[in-house]
Amino acid sequence: MSTVPYVRPLTGAGPEPPEELAAASEPLVSVIIPALNEARNLPHVMARLPEVDEVILVDGGSTDDTVDVACRLMPGIRVVRQNRRGKGNALACGFAAATGDILVMIDADGSTDPSEIPAFLAALRGGADFAKGSRFRDSGGSADITRVRRLGNRFLNLLVNILFGTRYTDLCYGYNAFWAHCLDAFDLDSTSPLPAGDGRLWGDGFEIETLLTLRAARARLGIVEVPSYEHLRLHGESNLNAISDGLRVLRTIAREWPRKRAAHRVGRKARGLLR
(Lines give C-alpha, C1' and ligand atoms only; values in the text may rest on other atoms or scores of the structure.)
Protein backbone atom coordinates (compact mmCIF):
# COMPACT_ATOMS: atom_id res chain seq x y z
CA MET A 1 0.00 0.00 0.00
CA SER A 2 1.19 3.45 -0.83
CA THR A 3 2.28 5.42 2.23
CA VAL A 4 2.91 8.67 0.34
CA PRO A 5 -0.25 10.62 -0.52
CA TYR A 6 -0.63 11.37 -4.20
CA VAL A 7 -1.16 15.09 -4.90
CA ARG A 8 -2.63 15.96 -8.29
CA PRO A 9 -1.08 19.06 -9.94
CA LEU A 10 -3.29 22.13 -9.88
CA THR A 11 -5.33 22.78 -13.02
CA GLY A 12 -3.33 24.97 -15.33
CA ALA A 13 -0.05 24.23 -13.54
CA GLY A 14 1.27 22.39 -16.56
CA PRO A 15 0.29 20.71 -19.81
CA GLU A 16 -2.45 18.13 -19.71
CA PRO A 17 -1.27 14.56 -20.42
CA PRO A 18 -1.93 13.25 -23.92
CA GLU A 19 -5.33 11.58 -24.26
CA GLU A 20 -3.79 8.24 -25.17
CA LEU A 21 -1.61 8.33 -22.03
CA ALA A 22 -4.54 9.30 -19.80
CA ALA A 23 -6.62 6.50 -21.27
CA ALA A 24 -3.88 3.92 -20.70
CA SER A 25 -3.06 4.90 -17.12
CA GLU A 26 -4.70 3.26 -14.14
CA PRO A 27 -7.19 5.46 -12.26
CA LEU A 28 -5.99 6.74 -8.92
CA VAL A 29 -8.02 5.43 -5.99
CA SER A 30 -8.80 7.36 -2.80
CA VAL A 31 -10.37 5.59 0.18
CA ILE A 32 -12.28 7.79 2.63
CA ILE A 33 -12.75 6.54 6.20
CA PRO A 34 -14.94 8.63 8.54
CA ALA A 35 -14.01 7.87 12.14
CA LEU A 36 -15.07 8.86 15.64
CA ASN A 37 -13.34 7.02 18.50
CA GLU A 38 -12.43 3.98 16.40
CA ALA A 39 -8.85 3.42 17.61
CA ARG A 40 -9.51 -0.22 18.54
CA ASN A 41 -11.02 -1.02 15.14
CA LEU A 42 -8.50 0.66 12.85
CA PRO A 43 -5.78 -2.05 13.02
CA HIS A 44 -8.23 -4.60 11.60
CA VAL A 45 -9.59 -2.24 8.95
CA MET A 46 -6.23 -1.02 7.70
CA ALA A 47 -4.73 -4.48 7.62
CA ARG A 48 -7.38 -5.52 5.09
CA LEU A 49 -7.01 -2.52 2.78
CA PRO A 50 -5.78 -3.45 -0.71
CA GLU A 51 -3.17 -1.33 -2.44
CA VAL A 52 -4.61 2.11 -3.18
CA ASP A 53 -3.15 5.52 -3.95
CA GLU A 54 -4.56 7.53 -1.06
CA VAL A 55 -6.23 6.88 2.28
CA ILE A 56 -8.04 9.72 4.02
CA LEU A 57 -9.14 9.44 7.63
CA VAL A 58 -11.80 12.02 8.47
CA ASP A 59 -11.79 12.54 12.22
CA GLY A 60 -14.99 13.68 13.90
CA GLY A 61 -13.33 14.97 17.06
CA SER A 62 -12.24 11.66 18.57
CA THR A 63 -11.40 11.66 22.26
CA ASP A 64 -9.38 8.45 22.06
CA ASP A 65 -6.15 7.97 20.08
CA THR A 66 -7.86 7.31 16.72
CA VAL A 67 -5.64 9.74 14.82
CA ASP A 68 -2.42 8.57 16.48
CA VAL A 69 -3.23 4.93 15.76
CA ALA A 70 -4.05 5.69 12.12
CA CYS A 71 -0.79 7.59 11.61
CA ARG A 72 1.22 4.86 13.30
CA LEU A 73 -0.35 2.13 11.18
CA MET A 74 -0.03 4.10 7.94
CA PRO A 75 2.54 6.93 7.99
CA GLY A 76 1.32 8.31 4.66
CA ILE A 77 -2.32 8.57 5.63
CA ARG A 78 -4.01 11.96 5.24
CA VAL A 79 -5.98 13.14 8.26
CA VAL A 80 -8.84 15.58 7.66
CA ARG A 81 -10.86 17.21 10.44
CA GLN A 82 -14.53 17.57 9.63
CA ASN A 83 -16.00 21.04 10.11
CA ARG A 84 -19.40 20.02 11.48
CA ARG A 85 -20.84 16.85 13.00
CA GLY A 86 -22.13 13.58 11.58
CA LYS A 87 -21.10 10.90 9.12
CA GLY A 88 -22.48 12.79 6.14
CA ASN A 89 -20.37 15.85 6.88
CA ALA A 90 -17.31 13.64 7.44
CA LEU A 91 -17.75 12.06 4.01
CA ALA A 92 -18.34 15.42 2.33
CA CYS A 93 -15.08 16.73 3.84
CA GLY A 94 -13.22 13.60 2.80
CA PHE A 95 -14.54 13.72 -0.76
CA ALA A 96 -13.56 17.39 -1.06
CA ALA A 97 -10.01 16.62 0.06
CA ALA A 98 -9.51 13.52 -2.09
CA THR A 99 -7.23 13.64 -5.14
CA GLY A 100 -8.09 10.29 -6.71
CA ASP A 101 -10.08 9.53 -9.86
CA ILE A 102 -12.16 7.01 -7.90
CA LEU A 103 -13.52 7.65 -4.40
CA VAL A 104 -14.37 4.74 -2.12
CA MET A 105 -16.21 5.14 1.20
CA ILE A 106 -15.81 2.53 3.94
CA ASP A 107 -16.55 2.45 7.66
CA ALA A 108 -13.95 2.47 10.42
CA ASP A 109 -15.79 0.00 12.67
CA GLY A 110 -14.96 -3.13 10.66
CA SER A 111 -18.50 -3.65 9.34
CA THR A 112 -17.51 -3.00 5.72
CA ASP A 113 -14.78 -5.27 4.41
CA PRO A 114 -11.94 -3.36 2.68
CA SER A 115 -10.94 -6.52 0.82
CA GLU A 116 -14.11 -6.08 -1.28
CA ILE A 117 -12.80 -2.82 -2.76
CA PRO A 118 -11.46 -4.50 -5.95
CA ALA A 119 -15.01 -5.64 -6.80
CA PHE A 120 -16.23 -2.04 -6.60
CA LEU A 121 -13.32 -0.86 -8.74
CA ALA A 122 -14.05 -3.55 -11.31
CA ALA A 123 -17.66 -2.32 -11.60
CA LEU A 124 -16.45 1.24 -12.22
CA ARG A 125 -13.79 0.21 -14.69
CA GLY A 126 -16.47 -1.84 -16.42
CA GLY A 127 -18.45 1.29 -17.22
CA ALA A 128 -20.45 2.18 -14.11
CA ASP A 129 -20.43 5.70 -12.69
CA PHE A 130 -21.55 4.65 -9.20
CA ALA A 131 -20.89 1.24 -7.62
CA LYS A 132 -23.39 0.63 -4.83
CA GLY A 133 -22.87 -2.08 -2.24
CA SER A 134 -25.79 -4.42 -1.62
CA ARG A 135 -26.23 -6.90 1.20
CA PHE A 136 -29.11 -8.54 -0.65
CA ARG A 137 -27.51 -9.60 -3.93
CA ASP A 138 -25.82 -12.88 -4.76
CA SER A 139 -23.05 -13.48 -2.22
CA GLY A 140 -23.95 -10.43 -0.11
CA GLY A 141 -25.28 -10.66 3.41
CA SER A 142 -25.21 -9.17 6.88
CA ALA A 143 -24.27 -10.33 10.34
CA ASP A 144 -25.40 -7.01 11.78
CA ILE A 145 -28.83 -6.06 10.42
CA THR A 146 -31.73 -6.69 12.80
CA ARG A 147 -35.15 -7.91 11.79
CA VAL A 148 -36.66 -4.45 12.35
CA ARG A 149 -33.97 -2.76 10.25
CA ARG A 150 -34.32 -5.40 7.53
CA LEU A 151 -38.08 -4.83 7.29
CA GLY A 152 -37.61 -1.07 7.36
CA ASN A 153 -34.98 -1.21 4.65
CA ARG A 154 -37.24 -3.41 2.51
CA PHE A 155 -40.14 -0.96 2.81
CA LEU A 156 -38.00 2.12 2.11
CA ASN A 157 -36.28 0.36 -0.76
CA LEU A 158 -39.63 -0.52 -2.37
CA LEU A 159 -40.84 3.06 -1.92
CA VAL A 160 -37.75 4.48 -3.64
CA ASN A 161 -37.99 2.01 -6.52
CA ILE A 162 -41.59 3.06 -7.14
CA LEU A 163 -41.01 6.81 -6.83
CA PHE A 164 -37.64 7.02 -8.58
CA GLY A 165 -37.99 4.21 -11.10
CA THR A 166 -34.92 2.42 -9.75
CA ARG A 167 -34.18 -1.25 -9.14
CA TYR A 168 -32.20 -1.06 -5.94
CA THR A 169 -32.05 -4.09 -3.67
CA ASP A 170 -30.43 -2.29 -0.72
CA LEU A 171 -31.16 1.37 -0.06
CA CYS A 172 -29.64 1.92 3.39
CA TYR A 173 -26.07 0.69 3.03
CA GLY A 174 -23.04 2.92 3.05
CA TYR A 175 -20.42 0.94 1.13
CA ASN A 176 -20.14 2.79 -2.19
CA ALA A 177 -17.59 3.93 -4.76
CA PHE A 178 -17.83 6.37 -7.64
CA TRP A 179 -15.81 8.34 -10.16
CA ALA A 180 -14.66 11.68 -8.78
CA HIS A 181 -16.09 13.55 -11.78
CA CYS A 182 -19.56 12.55 -10.54
CA LEU A 183 -19.10 14.36 -7.22
CA ASP A 184 -20.91 17.52 -8.35
CA ALA A 185 -24.09 15.49 -8.85
CA PHE A 186 -24.32 14.94 -5.10
CA ASP A 187 -24.18 18.67 -4.23
CA LEU A 188 -22.61 18.08 -0.80
CA ASP A 189 -21.72 20.94 1.54
CA SER A 190 -18.24 20.72 3.04
CA THR A 191 -17.66 24.41 3.72
CA SER A 192 -20.58 25.86 5.70
CA PRO A 193 -19.71 26.55 9.35
CA LEU A 194 -21.06 24.69 12.37
CA PRO A 195 -24.73 25.67 12.81
CA ALA A 196 -26.57 26.17 16.08
CA GLY A 197 -28.42 23.24 17.61
CA ASP A 198 -26.99 19.78 17.08
CA GLY A 199 -24.21 21.02 14.80
CA ARG A 200 -25.55 19.38 11.65
CA LEU A 201 -27.02 20.54 8.37
CA TRP A 202 -29.34 18.38 6.32
CA GLY A 203 -27.29 15.52 4.88
CA ASP A 204 -24.71 15.58 7.67
CA GLY A 205 -26.17 12.51 9.42
CA PHE A 206 -26.68 8.86 8.48
CA GLU A 207 -29.15 9.96 5.80
CA ILE A 208 -26.06 10.61 3.64
CA GLU A 209 -26.17 7.04 2.30
CA THR A 210 -29.73 7.45 1.02
CA LEU A 211 -28.97 10.96 -0.22
CA LEU A 212 -26.10 9.73 -2.38
CA THR A 213 -28.19 6.89 -3.77
CA LEU A 214 -31.16 9.10 -4.68
CA ARG A 215 -29.06 11.86 -6.20
CA ALA A 216 -27.12 9.32 -8.25
CA ALA A 217 -30.45 8.13 -9.66
CA ARG A 218 -31.67 11.70 -10.22
CA ALA A 219 -28.48 12.51 -12.14
CA ARG A 220 -29.02 9.40 -14.27
CA LEU A 221 -25.62 8.01 -13.35
CA GLY A 222 -24.81 4.50 -14.45
CA ILE A 223 -25.35 2.51 -11.24
CA VAL A 224 -24.22 -1.06 -10.62
CA GLU A 225 -24.89 -2.94 -7.38
CA VAL A 226 -21.97 -4.90 -5.96
CA PRO A 227 -22.64 -7.80 -3.55
CA SER A 228 -21.20 -7.02 -0.12
CA TYR A 229 -21.17 -8.71 3.26
CA GLU A 230 -21.75 -6.53 6.31
CA HIS A 231 -19.89 -7.70 9.42
CA LEU A 232 -20.59 -6.95 13.04
CA ARG A 233 -18.94 -3.87 14.52
CA LEU A 234 -15.71 -5.09 16.14
CA HIS A 235 -15.51 -2.81 19.19
CA GLY A 236 -17.67 -0.08 20.62
CA GLU A 237 -21.33 0.68 20.14
CA SER A 238 -23.09 1.78 16.99
CA ASN A 239 -24.66 5.23 16.81
CA LEU A 240 -27.45 3.94 14.57
CA ASN A 241 -31.04 4.08 15.80
CA ALA A 242 -33.54 2.09 13.73
CA ILE A 243 -36.47 4.42 14.45
CA SER A 244 -34.92 7.89 14.34
CA ASP A 245 -32.58 7.10 11.45
CA GLY A 246 -35.40 5.37 9.57
CA LEU A 247 -37.44 8.55 9.87
CA ARG A 248 -34.51 10.59 8.56
CA VAL A 249 -34.30 8.28 5.55
CA LEU A 250 -38.04 8.68 4.95
CA ARG A 251 -37.63 12.45 5.19
CA THR A 252 -34.76 12.26 2.71
CA ILE A 253 -36.97 10.45 0.22
CA ALA A 254 -39.70 13.06 0.65
CA ARG A 255 -37.24 15.92 0.14
CA GLU A 256 -35.52 14.44 -2.91
CA TRP A 257 -38.60 13.24 -4.83
CA PRO A 258 -39.91 16.72 -5.74
CA ARG A 259 -36.44 17.56 -7.07
CA LYS A 260 -36.58 14.52 -9.30
CA ARG A 261 -39.97 15.51 -10.67
CA ALA A 262 -38.79 19.09 -11.26
CA ALA A 263 -35.70 17.85 -13.08
CA HIS A 264 -37.89 15.58 -15.19
CA ARG A 265 -40.18 18.49 -16.15
CA VAL A 266 -37.18 20.62 -17.12
CA GLY A 267 -35.89 17.80 -19.28
CA ARG A 268 -39.25 17.45 -21.02
CA LYS A 269 -39.45 21.19 -21.67
CA ALA A 270 -35.99 21.12 -23.16
CA ARG A 271 -37.17 18.45 -25.57
CA GLY A 272 -40.27 20.46 -26.45
CA LEU A 273 -42.66 17.90 -24.95
CA LEU A 274 -44.47 20.26 -22.58
CA ARG A 275 -46.92 22.79 -23.92
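The model is a predicted one, in which local features need pLDDT of at least 70 and side-chain atom pairs count only at pLDDT 80 or more, while totals for chains, interfaces and linings use all residues. Residues are numbered from 1 along each chain as its sequence is written, and side-chain values use heavy atoms, with hydrogens and water left out.

Select asparagine 41, in the loop between strand E1 (29–35) and helix H2 (42–47); asparagine 41 counts as buried because its relative accessibility is 1%, where buried means under 20% relative accessible area (1.4 Å probe, protein chains only). Next display histidine 235, whose backbone nitrogen lies 2.9 Å from a polar atom of the asparagine 41 side chain.

Turn now to the aromatic rings, of which the structure holds 5 pairs, a pair being rings of Phe, Tyr or Trp (its six-membered ring) with centres within 6.5 Å, stacked if the planes are under 30 degrees apart, edge-to-face if over 60 and tilted for the rest. Select phenylalanine 95 and phenylalanine 178, an edge-to-face pair at 5.1 Å centre to centre with 80 degrees between the planes; phenylalanine 95 belongs to helix H4 (residues 87–97) and phenylalanine 178 to strand E7 (residues 176–179), 83 residues apart. Both of these phenylalanines are buried.

Finally, select phenylalanine 120 and tyrosine 175, which are stacked because their ring centres are 4.4 Å apart and their planes lie at 20 degrees.

Notes:
Helices (H or I, at least four residues) and strands (E, at least two) are DSSP runs, numbered from the N terminus. Buried means under 20% relative accessible area, exposed over 50%, partly exposed in between (1.4 Å probe, protein chains only). A polar contact is a pair of N or O atoms within 3.5 Å; within protein, one must be able to donate a hydrogen and the other to accept it, and residues adjacent in sequence count only if both atoms are side-chain atoms.
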